[in-house]
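Please look at the sequence and the model shown below. The report that follows treats a helix, a strand with its partners, and a loop residue.

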Amino acid sequence: MALLLRRSEIAGLLDLKQAMRVLEQTFRDQADGKVKQVPPLRFMNRGMRMVVGGLEARNKNGFRVSVTGGKSLALLFEISSGDLISVMGYPFSNLRISATVGLAIDRLADPKAKSIALIGSGRLAMPILEPAVAVRPITRVFVYSRNSKNRESFAQKASEKFRLSITAVTSPQQAIDEADIVLVSTNSPVAALLGQWLRPGLSIFGVGRPNEFDDAVYLRADLISVTSKQLDQPLIRLSQEGKIAWDSVVEFGAVLSGKLPVPDSASSIIVFRDSQGGYGDLALAALAHEEARKRGLGQEISTE
């Protein structure tokens, strides 16, 4: 029997700390070769997206599927038996990104970082700012987006939420010049962050479109870390063109587990990108399924 879980009944089951804990272990499992990664699949002129993953250490695999403008659905299977164990309305996409960014900042950014440049004020801006404020002693945030009304509105809302000095600025360079950490989340069809704006001591974290960094961002980096080397198309292209060495791109799991060193963040340019793979979503789906079982949530269904 599979457990049917409605989005509304599990939306509050997980918080940021829980998500960071389970994803930290998932990244460590990745470093040990116990995570299966598959590039996202897109259908119907990119209107439907499916991310697939396998968690061997937890005996789980499955996928999350979403449609542009709609909600996500996750299916979770037990690897050993092949049984479907859960169908759930999946509400944790933003939480996965928040937790991933929180872990990355905690491991890669200068521990004394106090200021943030936030490029983009859309759907993911608040979810990536929240973990940054949680893991670093942030006192100032400078936000830029192309739409002046959006950035002004975001600055006001975020100031009230985090009780910080959050200022809307008129150019990305203005934000970056004041920052120790750069957070980028855009849907821009062209690069929103240029390598020429960077300086040693900056740590950059991107979660938006794959092309939101120009090539120079990667070429200037002392460390490039991604959640999955298999999934990051711009870096694959740069490697194929001979502009970067593929071995210089490291998966975050190897960094988090201590298998690879991190350069001095105060004197280096460090670049991190969330590759949007499916194993993180499956890790949160598996945790939500366990918590729901404990609390007696959901409805047992049979597919027979």
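What should the 17 residues of helix H10 span at 1.5 Å a residue, and how far apart are its end C-alpha atoms? Helix H10 (residues 279–295) should span 24 Å, and its end C-alpha atoms are 24 Å apart, which agrees; the expected span is 1.5 Å times one less than the number of residues. This is a predicted model in which local features need pLDDT of at least 70 and side-chain atom pairs count only at pLDDT 80 or more, while totals for chains, interfaces and linings use all residues. Residues are numbered from 1 along each chain as its sequence is written, and side-chain values use heavy atoms, with hydrogens and water left out. Helices (H or I, at least four residues) and strands (E, at least two) are DSSP runs, numbered from the N terminus.

Of the 17 residues of H10, 13 are buried, so the helix is largely enclosed by the rest of the structure; buried means under 20% relative accessible area, exposed over 50%, and partly exposed in between (1.4 Å probe, protein chains only).

| Strand | Bridges to E15 | Direction |
|---|---|---|
| E12 (residues 203–206) | 4 bridges | parallel |
| E13 (residues 223–226) | 4 bridges | parallel |

Phe272 in E15 is the bridge partner of Phe205, whereas Ile270 in E15 stands opposite Leu223.

Ser265, in the loop between helix H9 (252–256) and E15, is buried, with a relative accessible area of 10%. Not counting residues up to four places away in sequence, Ser265 touches Leu108, Ala109, Asp110, Pro111, Gly201 and Ile270, where contact means heavy atoms within 4.5 Å.

Definitions and conventions
Two strands pair if DSSP finds at least two bridges between them.
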